[in-house]
Amino acid sequence: MTKIIGDPLNTKERKSLIIAGVALLVLLILAYANHFDNDFHFDDSHTIQENVAIRKLSNIPEFFTNPDMFSASTNHRGLRPLVTTTLAIDYWLAGGLQPFMFQLSTFLWHIGLCIMLFFMYRRLVGKVSTHKWTPFIALMGAGWFGLHTVIAETINYVISRSDVQSTFFIVASFLMYIAYPQKRKYGLYILLAVLGVFAKETVPVLPILLFFYILLFEKELSLYDLFKRSNIKKVGSTIWSLLPLVILVAGTQLYTLSRMSQASASHGMSNPLGYNLLTQTYVWLHYFRSFFLPFDLSADTDLGVITNPFDWRIIAGVLFVIALIITVFKTSRRAETRPIAFGLIWFAASLLPTSLVPFAEVMNDHRMYFAFVGLTLSVVTALWLWVIRRESFFARSRHYRYLITAAFLIIAANAFGVYKRNQVWDTEETLWKDVTEKSPNNGRGWMNYGLTLMAKGDYKQAAVIFAKARDLNPGYSTVYTNLGIAYGGLKEHNKAIENFSTALRLAPGDDVGYSYFGRYFLEQHRFEDAKNMAEKALAINNRSYMAYEVLMGALQGLSMWDVLKQTATAALQLNPGDAKALQYLQAAQQRKTVAPLPDDVVSAVSVVNYINISLEQYNAGKYEDCINTCKQALSVDPDNADAYNNMCAAYNMLKEWDKARQACLKALQLNPNHPNAPANLKWAIQQKL
């Protein structure tokens, strides 16, 4: 193998590398500084906001076996337990549905990935060169990926942390394999890969990547060499060495997929396979072009399957794929260009899982996250080769500053793009307004924009927007459900019932339509109809808390006290401490109708319930549960001295004296005359001493 040899880094250059790395980290934090309070969006609703499973850490073991706990929607059930587990931890740390902790968590995963990419790029380029500038080009690659404008589409979309986490573990496994070849026999890289399977179904790509890595870099073969009879044994031995990884990853993936219900597994896979594959060639071209010109990003594109094989987009896409294959083969010939070939292989292989399956969404910008790991390697390697061939020019006085300026401009431009995309993802209204402008033929985009108007009480304009969404996508049941809600708000009841009925006809297996129709009947005091709709919703999805709320309201209206007691008890098992369920349980016990509580009163009742529950948990010796319940109370009422006192007492029992002291001091700060906090504080201080 021919290598481009140079001097190792001297002290000054090493210091420059560290300064540049810190500067990139600071720039990354600044670029994303305006995203930490961005709202939940789109599928975040049923996987996070409405998913009561993530509200208890004790559910974590079940996340690995029960696909029903991934989403509140029966159409989106799956098994991504690593994602659900981290969401539950975020909920616990935030004390509720506070976006900051969820956004911060994803961002930290992203930073960790960028750090690993520096070492991965340095190792791969170092396979063919020991030039002293290699660490700088690796840092450039990691920084470019981390701050790329397109990446903001994944970081801002909380449930898309599945892309971040799966990519994190793929890179971690790959890096361990190439950096510690002597430790491969222990299989630690396989363990990392298996963890990634629990985040998303993209990890089976890893054996493909390692296969080409071994052949290109370790066995020093070009792709042309793979077709020579003399290399059959090398190819066979490579496959054999990866067999344990393939078996364990495939077995784990089959397990996660087998746990999904048939309805969830087929949901969203409605496009014809042949035309979908042709369309994917254009999608690949779009992704490739977006790396260099990320100007028309959309959270929900309006591209559909292209059914005309002579469409210019298909022709352009097919030509691009052909050019991509030719480039991979040609760059695999020479040692110094093999990182380019490998990066392009990574780009293509990473897109296979979403290209071979005919998803309803032909293209999603967050799918570029995994693919850009490889494409970044190819681009920075090509730039590196161009630079070192002109090393004598850049080594002259001050000319190296041209390189620094160019690198800064590329990174800064992308950082600015990230900042602007964060603004788009700020609220549901800003996001979906942008979608309607970028993807005007997307009915779902218009529908979601209408939801933001309806949330503000503008039912009239929302109905107009929903009608536009219906015209663009007449078979979309959710549009009719939302039209029913809007017309209900406008008191146009005939239209409301007509649209609700249409939604149920189009999607008879969707519990959400029944729940909303039931809620409409409940608002009209048609209790028997509301009861029937809620029961149908629960028959489809027994974890629908909205259906429970409708059913409890209807049962109270019908004075069915015994059934109401059973239903409220079941609702509390699903969502312990819920104020409305406790209110309905009280009504059932007293056999007396209780008027619905205003939101502010619901919050107050909720806090009292949390405090009472925490006392019961403390007395039962469940100290960690007591602390978690107090945090729930503080998410509703941050200035509740009783919650801090109870936390202090529980921490004392766990012998976590510092945490106990802090909690008691906070309780006394809020209420200097608190009856129990002084004694609890004294105990914590004495035990600490």
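Let me start with glutamate 492, which counts as partly exposed at 30% relative accessibility. Partly exposed here means between two limits: buried is under 20% relative accessible area and exposed is over 50%, with a 1.4 Å probe and protein chains only. Before going on, the sources: this is a predicted model, local features need pLDDT of at least 70, side-chain atom pairs count only at pLDDT 80 or more, and totals for chains, interfaces and linings use all residues. Residues are numbered from 1 along each chain as its sequence is written, and side-chain values use heavy atoms, with hydrogens and water left out.

Back to glutamate 492. What does glutamate 492 form with lysine 495? The two make a salt bridge, with the closest N and O atoms 3.4 Å apart. A salt bridge here is a side-chain nitrogen of Lys or Arg within 4 Å of a carboxyl oxygen of Asp or Glu. Side chains of opposite charge can pair when their charged atoms come close. Lysine 495 is partly exposed as well, with a relative accessible area of 41%.

By this rule the count comes to 23 salt bridges. Another one joins lysine 433 to glutamate 437, at 2.7 Å from N to O. Both residues sit in helix α20 (residues 428-438), four residues apart, or about one turn of the helix. Helices are DSSP runs of H or I, at least four residues long, numbered from the N terminus. Lysine 433 has a relative accessible area of 38%, so it is partly exposed.

Arginine 519 is partly exposed at 32%, while glutamate 523 counts as exposed at 53%. Elsewhere, salt bridges that share partners join Glu153, Arg421, Asp434 and Lys438 into one network.

Now the cysteines. How many disulfides does the structure hold? One, where a disulfide is a pair of cysteine sulfur atoms within 2.5 Å. Cysteine 648 and cysteine 664 form it, with their sulfur atoms 2.0 Å apart. The link is left-handed, with -95° about the S-S bond. The pair links distant parts of the chain, 16 residues apart: cysteine 648 is in helix α32 (residues 641-653) and cysteine 664 in helix α33 (residues 657-670). Cysteine 648 is buried at 0% relative accessibility, and cysteine 664 is also buried at 0%.

Cysteine 630 is buried, with a relative accessible area of 1%.

On to the interior. A nonpolar core is a set of buried Ala, Val, Leu, Ile, Met, Phe, Trp, Tyr and Cys residues joined through side-chain atoms within 4.5 Å. The largest has 179 residues, and Met120, Phe174, Phe342 and Trp346 have the most contacts inside it. A second, separate core of 23 residues includes Cys626 and Cys648.

Last, threonine 331, in helix α15 (residues 312-331). Threonine 331 is buried at 13% relative accessible area. Leaving aside neighbours within four places in sequence, threonine 331 is in contact (heavy atoms within 4.5 Å) with Thr337, Arg338, Ile340 and Ala341.

Notes:
Helices (H or I, at least four residues) and strands (E, at least two) are DSSP runs, numbered from the N terminus.
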